[in-house]
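Please keep the sequence and the 3D view open while reading.

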Amino acid sequence: MSALASRFLAYGRMIKFSHSIFALPFALTSAVLAAEARIRPAQLFFIVVAMVGARSAAMGFNRLADHAFDARNPRTAGRELPRGVLSRAEVWLFVTGSSAALVFAAAQLNPLCLALSPLALLVIFGYSYTKRFTALSHVFLGLALSIAPVGAWLAIRGRFDTAPLILAMAVLAWVAGFDTIYSCQDAEIDRREGLQSLPAKLGIRRALIVARGLHVIAVALLAALYRLVPLHPLYLAGVAGVALLLAYEHSLVHADDLSRVDAAFFTINGWISVGYLATTAASRWLTL
């Protein structure tokens, strides 16, 4: 049992399972916005399974694609694959199982979700190779995570609409912004390895300016949802809270001081996603 638990924890560390808090709350927010009454427990369960399966598959595949790069980067050399804690065969099996979980959960939700699940996998796997050819890899990561709110909306309503697309674009801008900040740590290593990122291409100072612009766009898009879905004015207070947290996030990181990137990336963005879900859910409940 001890060995099994150790193996389970190794997989969790490899995919940084705790970071599911970034995308999952936005998927649940979209489900709350889509629901015209109560969300059925089965719908909620399979949305969560699909989200966890998709993110786990994406992270596992990313570790496989970046295995050699991670081994040469001092910041990532301690990850499970470079250290040999997990083998490539084990990670491939994990990716396969996680992908199957996504497809199975999608099938339980509705036929449209099932039909689109292979496309979702294509997008989230494709992100892992974007740093090889474009400095806009952060935008592709945002695109991969923006699938979450669209998928959750489809799970509830079974059709596309404007509101989830606006929320998806907000998630895209938010993720692209904070990933740009996070990538500042690897600017020199990316240049050395021939990998592309905004910090490597523009320099850290200019990349941080771009990140700020992306977060301004994200806040504007979140505010725009207020006119598309019946929401209590409390929602706008939640968006204001997101804006304040993003401003604080940027105050922690400077071109000549990246020592607080982890706090900006992990802690603040966790507060943003959970806080946004809580205020949106309350705002939606007050209008039903």
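Arg132 is partly exposed because its relative accessibility is 30%, a value between the cut-offs of 20% for buried and 50% for exposed. The model in which this value was computed is a predicted one. Asp66, at 15% relative accessibility, counts as buried. The side chains of Arg132 and Asp66 meet in a salt bridge, with 3.0 Å from N to O. This pair joins distant parts of the chain, as Arg132 and Asp66 are 66 residues apart. Arg132 sits in the loop between helix 7 (111-126) and helix 8 (137-157), while Asp66 sits in the loop between helix 3 (41-65) and helix 4 (67-72).

**Salt bridges**

In total, the structure holds nine salt bridges. Side chains of opposite charge can pair when their charged atoms come close. Three of these pairs are listed here.

| Pair | Distance, N to O |
|---|---|
| Arg132 and Asp66 | 3.0 Å |
| Glu193 and Arg72 | 2.9 Å |
| Arg191 and Glu188 | 2.5 Å |

Glu193 and Arg72 form a salt bridge between their side chains. Their pair also links distant parts of the chain: Glu193 belongs to helix 10 (residues 187-193) and Arg72 to helix 4, and they are 121 residues apart. Glu193 counts as buried at 19% relative accessibility, just as a value under 20% requires. Arg72 has 44% relative accessibility and counts as partly exposed. A network of salt bridges connects Arg72, Arg192 and Glu193.

How many residues apart are Arg191 and Glu188 in helix 10? They are three residues apart, about one turn of the helix. Arg191 has a relative accessible area of 37% and is partly exposed, whereas Glu188, at 58% relative accessibility, counts as exposed.

**Aromatic pairs**

A pair of aromatic rings is described by the distance of the centres and the angle of the planes. The count for this structure comes to 10 aromatic pairs. One of them is the tilted pair of Phe26 and Trp174, with 4.9 Å from centre to centre and 45° between the planes. Phe26 lies in helix 2 (residues 24-34) and Trp174 in helix 9 (residues 162-183), so this pair ties together parts that are 148 residues apart in sequence. Phe26 is buried, with a relative accessible area of 4%, and Trp174 is buried with 3%.

Tyr235 and Tyr276 form an edge-to-face pair, 5.8 Å centre to centre with 65° between the planes. Here, too, distant parts of the chain are linked: Tyr235 is in helix 13 (residues 234-251) and Tyr276 in helix 14 (residues 261-285), 41 residues apart. Tyr235 and Tyr276 are both buried. Ring pairs join Phe26, Trp174, Phe178, Tyr226, Tyr235 and Tyr276 into a cluster.

**Two packed helices**

Two packed helices are described by the angle between their axes and the distance between the axes. Helix 8 packs against helix 9 at an angle of about 145°, and their axes are 7 Å apart. The crossing of helix 8 and helix 9 is right-handed. On the side of helix 8, the residues making the contact include Leu141, Leu145, Pro149 and Trp153. On the side of helix 9, they include Leu165, Ala168, Leu172 and Asp179.

What is the division of the contact residues into nonpolar, polar and charged? The contact of helix 8 with helix 9 has 16 nonpolar residues, five polar and one charged.

Methods:
Residues are numbered from 1 along each chain as its sequence is written. This is a predicted model: local features need pLDDT of at least 70, side-chain atom pairs count only at pLDDT 80 or more; totals for chains, interfaces and linings use all residues. Side-chain values use heavy atoms; hydrogens and water are left out. A salt bridge is a side-chain nitrogen of Lys or Arg within 4 Å of a carboxyl oxygen of Asp or Glu. Helices (H or I, at least four residues) and strands (E, at least two) are DSSP runs, numbered from the N terminus. Buried means under 20% relative accessible area, exposed over 50%, partly exposed in between (1.4 Å probe, protein chains only). Rings of Phe, Tyr and Trp (its six-membered ring) pair if their centres lie within 6.5 Å; planes under 30 degrees apart count as stacked, over 60 as edge-to-face and the rest as tilted. Axes are lines fitted to C-alpha atoms, for helices over the stretch in contact, and angles run from 0 to 180 degrees between N-to-C directions. A crossing is left-handed if the near helix is turned anticlockwise from the far one by less than a right angle, and right-handed if clockwise. Contact means heavy atoms within 4.5 Å. Ala, Val, Leu, Ile, Met, Phe, Trp, Tyr, Cys and Pro count as nonpolar, Asp, Glu, Lys and Arg as charged, and the others, Gly among them, as polar.
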